[in-house]
Amino acid sequence: MHRQFLVNLCNFHVPTLPFRTLVKARLEDDENKEPIGDDMRLVFIQLPSFNKGEAECESEFDQWIYNLKNM
């Protein structure tokens with residue numbers, strides 16, 4: 001199975017999403033709330049919620065987000 005990802009890099013906090021750096025979501029039908037395929041995912045990276053300094057980055061993900069936020 002091939003998965004498809006739509007990555008949204010946000011320099012703002014999306015009001016309808018949790019205040020986290022990484023939010024993963026999937027599509028669902030509005031009427032019956034059934035998922036629309038398991039092969040498509042939405043990924044939101046909200047830069048304002050990432051508050052680590054360079055020395056605090058523990059993972060590769062942290063390092064990537066730190067670099068993106070501080071470009």
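Reply: A residue is called buried when its relative accessible area is under 20%, exposed when that area is over 50%, and partly exposed in between. The model discussed here is a predicted one.

Me: Why is Arg41 called buried?

Reply: Arg41 has a relative accessible area of 19%. The limit for buried is under 20%, so Arg41 is buried. The residue belongs to strand β3. Its contacts, apart from residues up to four places away in sequence, are Arg3, Gln4, Phe5, Leu6, Ala25 and Arg26.

Me: What makes Leu42 buried or exposed?

Reply: Leu42, also a residue of strand β3, has 15% relative accessibility and therefore counts as buried, the cut-off being under 20%. With residues up to four places away in sequence left out, Leu42 touches Leu6, Val23, Lys24, Ala25 and Leu27. For Ala25, 17 residues apart from Leu42 along the chain, the C-alpha separation is 5.0 Å.

Me: How do you know that Lys52 and Asp62 meet in a salt bridge?

Reply: The term requires a side-chain nitrogen of Lys or Arg within 4 Å of a carboxyl oxygen of Asp or Glu. Between Lys52 and Asp62 the N to O distance is 2.7 Å, so the pair meets the criterion. This pair links distant parts of the chain, with Lys52 in the loop between β3 and α1 (60-69) and Asp62 in helix α1, ten residues apart. In general, side chains of opposite charge can pair when their charged atoms come close. A search of the whole structure gives one salt bridge.

Me: Why is Asp30 called exposed, and what patch does Asp30 belong to?

Reply: The relative accessibility of Asp30 is 66%, so Asp30 counts as exposed, given a threshold of over 50%. Asp30 is located in the loop between β2 (22-26) and β3 (40-46). Together with Glu28, Glu31 and Glu34, Asp30 forms a patch of negative charge on the surface. The word negative applies because Asp and Glu are counted as negative.

Me: What makes Lys33 exposed, and what is its phi?

Reply: Lys33 has 51% relative accessibility and so counts as exposed, since the term needs a value over 50%. Lys33 is placed in the loop between β2 and β3. Its phi is positive, about 60 degrees, although Lys33 is not a glycine.

Me: Why is Ile36 called partly exposed?

Reply: Ile36 has a relative accessible area of 45%, so the term partly exposed applies; the term covers values between 20% and 50%. Ile36 lies in the loop between β2 and β3. Leaving aside neighbours within four places in sequence, Ile36 is in contact with Leu27, Glu28 and Asp29. The C-alpha atoms of Ile36 and Leu22, 14 residues apart along the chain, lie 21 Å from each other.

Me: How do you know that Phe12 touches Gln46 and Pro48?

Reply: Contact means heavy atoms within 4.5 Å, and Phe12 touches both Gln46 and Pro48, residues up to four places away in sequence not being counted. Phe12 is in the loop between β1 and β2. At 45% relative accessibility, Phe12 counts as partly exposed.

Me: What makes Leu9, Leu68 and Met71 a nonpolar patch?

Reply: Leu and Met are among the nonpolar side chains, which are joined within 5 Å when the residues have over 30% relative accessible area and no salt bridge. Leu9, Leu68 and Met71 form such a patch on the surface, with about 340 Å² of accessible area together. Of these, Leu9 is found in strand β1 (residues 4-10).

Notes: Residues numbered from 1 in each chain as written. Predicted model: local features only at pLDDT ≥ 70, side-chain atom pairs only at ≥ 80, totals over all residues. Heavy atoms only, no water. Patch = residues over 30% accessible without salt bridge, like charges linked within 9 Å, V, L, I, M, F, W, Y side chains within 5 Å. Areas by Shrake-Rupley, 256 points an atom, 1.4 Å probe, with all protein chains shown as cover. Charge placed at Lys NZ, Arg CZ, Asp CG, Glu CD. Helix = DSSP H or I, 4+ residues; strand = E, 2+ residues; numbered from the N terminus. Buried < 20%, exposed > 50% of the residue type's maximum accessible area, 1.4 Å probe, protein only.
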